[in-house]
Amino acid sequence: MTRLTFARIFLALCIVFFPDCRGGRSQTDLTLAGSTSIQPFADKWAEVFMKKHPGLGVNVQGGGSSTGIQACKSGACQIGMSSRELKGDEKDLFEIVVARDGLAIIVHPANPVRGAKLAEVKQIFSGDLRSWKYLGGPDRPITVVTREEGSGTRGAFQELVMGKTRIFRGAITEDSNGTVREIVAQDPYAVGFISLGLVNEQVRSLDLDSAAGNEENIRNGRYKLVRPFLFVSLGEPTGLAKEFVDFVLSAEGQALVKKEGLLPIK
Amino acid sequence: MAEKMKGRGKNKLERNDRLVRLALLVVAFSAVSILLVITVFIIEQGTPIMFKYGLKSFLAGGDWYPSEKVFGLWPMIVGSLYVTLGAMVLGVPFGLACAIVLTEFSSKRVRRVIKPVVELLAGIPSVVYGFMGVVILVPFIRETLGGPGLSVLAASIILGIMILPTIISISVDSLQAVPPSYREGSIALGATKWQTVKMVLLPAARSGIVASIILGMGRAIGETMAVIMIAGNAASVPRSVLDPVRTLTSNIALEMGYAAGEHRQALFATGVILFFIIMVLNTVANVTASRMKGTKR
């Protein structure tokens, strides 16, 4: 009898003090899904947001830009994350630019080539320019590394650099920023593109049209490869989703972005 | 009264028996129905798009640009065949040689150590093979032979190693199944051990060996993770063994995460073609395996 009473009291205390006890270990009040490029940053936002609002659960899922947009349309998540512009019938969705990201053209650190014109980058990826000697490097074939079809990073690169021209089909194809970086870091004659925030000491980013990829050059418009990171939703966000978006756009949210290597919206 | 009890007990036993039989039948059919569900689902998802864009352009088209609604699977079909063929060329002679050594030219003690070790090879996860390939094999090929290293050759070598356990263990079994009288007869006729192997044992175990090769082939064509990591995945028909290549399986796994709409359906269509190829292989393997049973006494 006493044991039972104790158990009841304990349970009651649990319910009062640990709201998590009610709906399993952690409840989800807001779900974000989409671009794997945005995911790590969204995780950071969610972490800080949850610290400020104890008891709320924000769940961030990957899946890719297209998946995120679809999930948002179908109502499987409140906010979709897209690292490319919306196209076609996706434009019905409400979109908010939450950050901007530069694209870096990366090469092996030992590669003597320091920079290229945007037009030359286009020729490399279309397969018309096949040797480093045209860029002042050794007479060795260029190993072109691209992302797979459907990737937001590839979509942005296609739009910003290639335009209507196709990336040639002989290009090595990898399915994440990380593997592209890994392959370029191993192969002295490789070239690839990844998010500017993910460039590290393993690889070197090329200057484009003589502008290095840094914040200043992006701000004054001399570095051209910049893409928006979007949050999309069905109609204007309300309730918790709105609170989260407001937090992301606030000075604090944007400061987080900057700390992690992205560019704030303004 | 006692008899009545006994009768009831017997009835109960019979009922239990029937229940167990029914339960086992359900379990057995669940495997069949899972296969059925998968088949129906893949075909239902994958075939409409194939007919929408035309079977010919789907199978024989050389360009794969799903974002422009251009779906040509030819490079991937050829890629899968090249890589599988490469794995066969490297894996079959090695595997067969190993099986012959194990059954004919080694002591029982050596066999007892080597055979389990070979079978352990099958237990290594494919991602580990892929990782070894990326870290050791790919840089080696790039530095010694040129090209990007991520290539048909790298994928063939790794797959060749991965199919060894299948080929060796089934070949060993079928060589051991050859009746001892064949061996004895051949030796008695004055043949050397190698002549016996070449002219008596290999022909006698032929269908088992063929089945092992086809099963190895199935494993090679279905392998995904290791191939994605080391093949380079370029969606073009490779012109040399040093060029990157994309297989049907990697095409699905690579783009699955981001695909939506028709792109997604096209990946299912890739699955349909893969399914078809593997069904053909499996049927051939089953037919040869049953022929093997027929020759055994």
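The model is predicted, so local features need pLDDT of at least 70 and side-chain atom pairs count only at pLDDT 80 or more, while totals for chains, interfaces and linings use all residues. Residues are numbered from 1 along each chain as its sequence is written, and chains are lettered from A in the order in which they are written.

**Contact between the chains**
- Chain B gives 24 residues to the contact and chain A gives 21 residues, where two residues are in contact if their C-beta atoms, placed from the backbone, lie within 7 Å.
- On the side of chain B that touches chain A, the elements giving two or more residues are β1 (64-65), α5 (126-145) and α12 (248-255) of chain B, with helices (H or I, at least four residues) and strands (E, at least two) taken as DSSP runs numbered from the N terminus.

**Helix α12(B)**
- Because 6 of its 8 residues are buried, α12(B) is largely enclosed by the rest of the structure; buried means 20 or more other C-beta atoms within 10 Å of a residue's own, exposed 12 or fewer, and partly exposed in between.
- Among the buried residues of α12(B) are Leu248(B), Asn251(B) and Glu255(B).

**Pro264(A)**
- Pro264(A), in the segment after α9 (251-259) of chain A, counts as partly exposed, with 17 C-beta neighbours inside 10 Å.
- Leaving aside neighbours within four places in sequence, Pro264(A) is in contact with Ala99(A), Gln254(A), Val257(A) and Lys258(A).
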